[in-house]
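This report goes through selected features of the structure shown below. It takes up contacts, a ligand shell and the build of one chain.

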Amino acid sequence: MKAIVVKGVTKDFGALPVLKGVNLEVEQGEIFTLLGANGAGKSTLINILTTLSQPTAGTVAIMGLDPRTAGNQVRRLMSLNAQATTLDGEFTGAENLSLIARLRGVKDVPAEINGLAQRLDLTSFLNRKVKTYSGGMRRRLDLAMSLLGNPQLIFLDEPTTGVDPQNRLALWQMIRELRDAGKTVFLTTQYLDEADALSDHIAFIHDGVIVKSGTPAAIKQRVTATYTLQVAPADEAVATATLGAAGIAFAPTEHGLSLTAKQAEPALTALLDAGVTVTHYDQDETDLESVFLNVTKEAAHANL
Amino acid sequence: MQTFNQLRTLTGRIIRQNLTNADTIITVIAMPVFMLLFFVYVMGGNIATTGAGGAQAYLRYALPGFLLLTMAMGSAYTSMRINLDRTSGFLDRLHSLPIARWVILGSHVLASVTFMLMAEALVFLVGVLIGYRADVTLSSALLFVGLSVLFGLGITLLAIPFSLKADNYASAGGFSYVLLMLLFVSSALMPTTGMAKPVQMFADHQPMTPIVNTARGLLNQAVAVSQHTEWLAVGWLVGAIVVCGFLSYRVYVRMFLTR
Ligand SMILES: Nc1ncnc2c1ncn2[C@@H]1O[C@H](COP(=O)(O)OP(=O)(O)O)[C@@H](O)[C@H]1O
Ligand SMILES: [Mg+2]
């Protein structure tokens, strides 16, 4: 059985069509990434898959179940980490976790909370009120709340957006561990390198249509994404030397170091390992657009 | 069983939020107590109620009104808590969990009515401490609690559409001023007979007056309340529960179940 099957799903908000006939299949136990720019329709699709909203047309099956008729069964199997964190600021992290654990019917609440707190490095601030947390702490707590109760299918809506480079790599590691523990992970992202680094399969969504899907290698074939990486001024010399020693090509620009998608992650890892302070790391803005242009050009050729 | 535990967990969460939040306690408990003391000891002697006059006579007249006022103030927080849960995305998280749909707002309703009754009991206690003596039978006392539950449920259900539609926390509680205004311009704090004629017309025919009069009669056997008034009070309350319940349900379904 497939973990997720989506057939001909459309979604209109009033007169505005947002999803325009989405088809996709997700295997059990894989990391599946929905890659797309802001406004492409990623959250809209995730909301439909997690029973929060209904498609205008088309069908969805989650582990063979129809979310419209078996909503609670679907919700028992899955868990959603929404794009915006959903925490109770007046309560402590531990209280937030315990609330969700009890709602999910977790047997040994303290043991499960402690386990997750260690895995996500929450222990030091678990007993502080959430309204005193930094953005990164909130994100991690929110993620822990979504992992309570051992769900089989985990939806992560842009989990790394706004997360600093160090924590981003830690999150990637955790997502891989989820897959290795047999979970199915449905991830959305705006970042090509993230999709590339994590996914077993990628679907590239543009303006409510899946324009390309396949393995990371297939998606990236024709893509010329670039990344910009900035380091603290004091570390510039070390950074240049480190990248040179690692044989990673880069182009210095006025904004920092420019790298290709393929070399972006190795470069970041090498710099962090060398103790360089990375102040900025991001895919260059126009890039998904160029991915899209490549993909559609390809499609146009295929149709000729 | 699971559903019952979830309802209890979620209701407990909201009541705890109310009890640990200084704003809530000040507005819903300290404010009515302050107003009660102010009206009884500063203005009471100057307000002509039926009977002897003076602070104690006023207390005896007005306490039931203050109890309903307390509950009305609570409705502002009902609305603000629901609004905060919506805007913070917490309702979305609940909707993504295996919880029966009715439990999600049901816990807010249950918590709201419970918290209102707790606040009412506290203000009643203050009333007793400053000399209020209820003159009740077992059945009239139970009927008073029943009336309070209906009143709390009615204004809670009235709060829900506002709480879901309001843009932010602050404006979500705004509708409760209408409730307070209705209570002020009713027989809650003083008899309507001394009011200017058009105001009195309004006061005598709006829902709060029969509700307050019925409450007053239930807490004090010496106050004669006509059956007509009592049925009118129940009619208004049941009507409000049905109409507001239906509206709340519709707004909720549109906003969360068929989006
Ligand atoms: N409830 C809604 N009502 C109207 N338009 C919406 C609603 N939700 C999303 N949209 C629109 O749908 C499009 C896709 O949004 P979304 O799925 O959030 O994109 P993404 O998650 O890929 O950034 C956007 O243009 C957004 O403005
Ligand atoms: Mg989104």
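Contact here means that heavy atoms lie within 4.5 Å of each other. The model is predicted.

## Thr214 of chain B

With that definition, which residues is Thr214(B) in contact with, leaving aside its neighbours within four places in sequence? They are Leu147(B), Val225(B), Thr229(B), Glu230(B) and Ala233(B). Thr214(B) itself is part of helix H10 of chain B, which covers residues 208-219.

Thr214(B) has a relative accessibility of 5% and therefore counts as buried, the cut-off being under 20%. Its side chain reaches the backbone oxygen of Pro210(B) at a distance of 2.7 Å.

## Overall build of chain B

Chain B has eleven helices and zero strands. Read from the N terminus, its elements run α-α-α-α-α-α-α-α-α-α-α. The globule rule gives 18 Å for 259 residues, and the radius of gyration of chain B is 19 Å, close to that value, so chain B is as compact as a globular protein of that length. Along the principal axes, its C-alpha atoms fill a box of roughly 60 × 35 × 35 Å.

Of the 259 residues in chain B, 52% count as buried. Among contacts in chain B with a separation of 6 or more, 79% are between residues 24 or more positions apart. The accessible surface of chain B is about 11300 Å², and carbon and sulfur atoms account for 72% of that surface.

## The shell around ligand 1

Which residues are around ligand 1? The list is Phe13(A), Val18(A), Ala37(A), Asn38(A), Gly39(A), Ala40(A), Gly41(A), Lys42(A), Ser43(A) and Thr44(A). Sorted by class, the shell has four nonpolar, five polar and one charged residues. Helix H1 of chain A, residues 42-49, supplies the largest share of the shell, with three residues.

For Thr44(A), a polar side-chain atom is 2.5 Å from an oxygen atom of ligand 1. For Gly41(A), a backbone N or O atom is 3.0 Å from an oxygen atom of ligand 1. For Asn38(A), an N or O atom in the side chain is 3.3 Å from an oxygen atom of ligand 1. Ligand 1 taken alone exposes 560 Å², of which the protein buries 59%.

## Asn38 of chain A

Asn38(A), one of the residues around ligand 1, is in the loop between strand E3 (31-35) and H1 of chain A. Is Asn38(A) buried or exposed? Its relative accessible area is 62%, so Asn38(A) is exposed; the cut-off for that class is over 50%. Asn38(A) and Thr86(A) are 48 residues apart along the chain, and their C-alpha atoms are separated by 20 Å.

Most residues other than glycine have a negative phi. Two residues of chain A are listed here with a positive value.

Met63(A), which is not glycine, has a positive phi near 45 degrees. Met63(A) sits in the loop between strand E4 (57-62) and helix H2 (71-77) of chain A. Asp121(A), likewise a residue other than glycine, has a positive phi near 60 degrees. Asp121(A) belongs to the loop between helix H4 (109-119) and helix H5 (135-147) of chain A. With a relative accessibility of 52%, Asp121(A) counts as exposed.

Terms used. Residues numbered from 1 in each chain as written. Chains lettered and ligands numbered in written order. Predicted model: local features only at pLDDT ≥ 70, side-chain atom pairs only at ≥ 80, totals over all residues. Heavy atoms only, no water. Near = heavy atom within 4 Å. Polar contact = N/O pair within 3.5 Å; in protein donor to acceptor, adjacent residues only side chain to side chain. Areas by Shrake-Rupley, 256 points an atom, 1.4 Å probe, with all protein chains shown as cover. Helix = DSSP H or I, 4+ residues; strand = E, 2+ residues; numbered from the N terminus. Nonpolar A, V, L, I, M, F, W, Y, C, P; charged D, E, K, R; others polar. Rg over C-alpha atoms; globule rule 2.2 N^0.38 Å. Buried < 20%, exposed > 50% of the residue type's maximum accessible area, 1.4 Å probe, protein only.
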